[in-house]
Amino acid sequence: QVQLVESGGGLVQAGGSLRLSCAASGRTFNNEPMGWFRQAPGKEREFVAAITWTGTSTFYTDAVKGRFTISRDKNTVYLQMNRLKPEDTAVYYCAADPEGNYRESADWAYWGQGTQVTVSS
């Protein structure tokens, strides 16, 4: 069975950094895009970043451009988060294999369970 597992979340002060990772098992995703979404309490799930299977093209939501960096190594995807802000507080989910628009959560085939990121002011 396919499983995506996120790790690396935690509590950090504003301006600090965290590095999230997502490891896939059950099948390989080295030929499919992977990405990250986040969801804060009372808010819709939000696209954060995506990366092509080659790792040569990346996409970011405007809110994180210049601060977050997505990267991958075959079946593992990473999200380096720098200069974190309180508004970055959310559960972060990794996703794999979009079937349509990568910015829409409903168009991704596989999801992890999420990892909590909390940024204190």
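A charge sits over a ring if NZ of Lys or CZ of Arg is within 6 Å of the ring centre and within 35 degrees of the ring normal. Arg-45 meets that rule over Trp-111, with its charged end 4.6 Å from the ring centre. The charged end of Arg-45 also sits over the ring of Tyr-93, 4.8 Å from the centre.

This is a predicted model: local features need pLDDT of at least 70, side-chain atom pairs count only at pLDDT 80 or more, and totals for chains, interfaces and linings use all residues. Residues are numbered from 1 along each chain as its sequence is written, and side-chain values use heavy atoms, with hydrogens and water left out.

**Overall fold**

The protein chain has 11 strands and 0 helices. Here helices (H or I, at least four residues) and strands (E, at least two) are DSSP runs, numbered from the N terminus. The C-alpha atoms fill a box of roughly 40 × 30 × 25 Å along the principal axes. Among contacts (heavy atoms within 4.5 Å) between residues at least 6 apart in sequence, 57% join residues at least 24 apart. Of the 121 residues in the protein chain, 41% are buried. Buried means under 20% relative accessible area, exposed over 50%, and partly exposed in between (1.4 Å probe, protein chains only).

**Cores**

A nonpolar core is a set of buried Ala, Val, Leu, Ile, Met, Phe, Trp, Tyr and Cys residues joined through side-chain atoms within 4.5 Å. The largest such core has 27 residues, of which Trp-36, Leu-79, Met-81 and Tyr-92 touch the most other members. At least two residues of this core come from each of β3 (18–25), β4 (34–39), β5 (46–51), β7 (68–73), β8 (76–81), β9 (90–98) and β11 (115–120). Another core lies apart from it and has 5 residues, among them Phe-37, Ala-50, Ala-95 and Trp-108.

**Aromatic pairs**

Rings of Phe, Tyr and Trp (its six-membered ring) pair if their centres lie within 6.5 Å; planes under 30 degrees apart count as stacked, over 60 as edge-to-face and the rest as tilted. The count comes to 5 aromatic pairs. Two of them are set out here.

| Pair | Centre distance | Plane angle | Geometry |
|---|---|---|---|
| Phe-37 and Phe-47 | 5.6 Å | 75° | edge-to-face |
| Phe-59 and Tyr-102 | 4.8 Å | 40° | tilted |

Phe-37 lies in strand β4 and Phe-47 in strand β5, so their pair ties together parts 10 residues apart in sequence. Both Phe-37 and Phe-47 are buried. Phe-59 lies in strand β6 (residues 58–60) and Tyr-102 in the loop between β9 and β10 (108–111), so this pair ties together parts 43 residues apart in sequence. Phe-59 is partly exposed, at a relative accessible area of 30%. Tyr-102 is partly exposed too, at 23%. Ring pairs link Phe-37, Phe-47, Phe-59, Tyr-102, Trp-108 and Trp-111 into a cluster.

**The disulfide**

A disulfide is a pair of cysteine sulfur atoms within 2.5 Å. The whole structure holds 1. Cys-22 and Cys-94 form it, with sulfur atoms 1.9 Å apart. The torsion about their S-S bond is about 45°, so the disulfide is right-handed. Cys-22 lies in strand β3 and Cys-94 in strand β9, so the bond ties together parts 72 residues apart in sequence. Cys-22 is buried, at 0% relative accessibility. Cys-94 is buried as well, at 0%.
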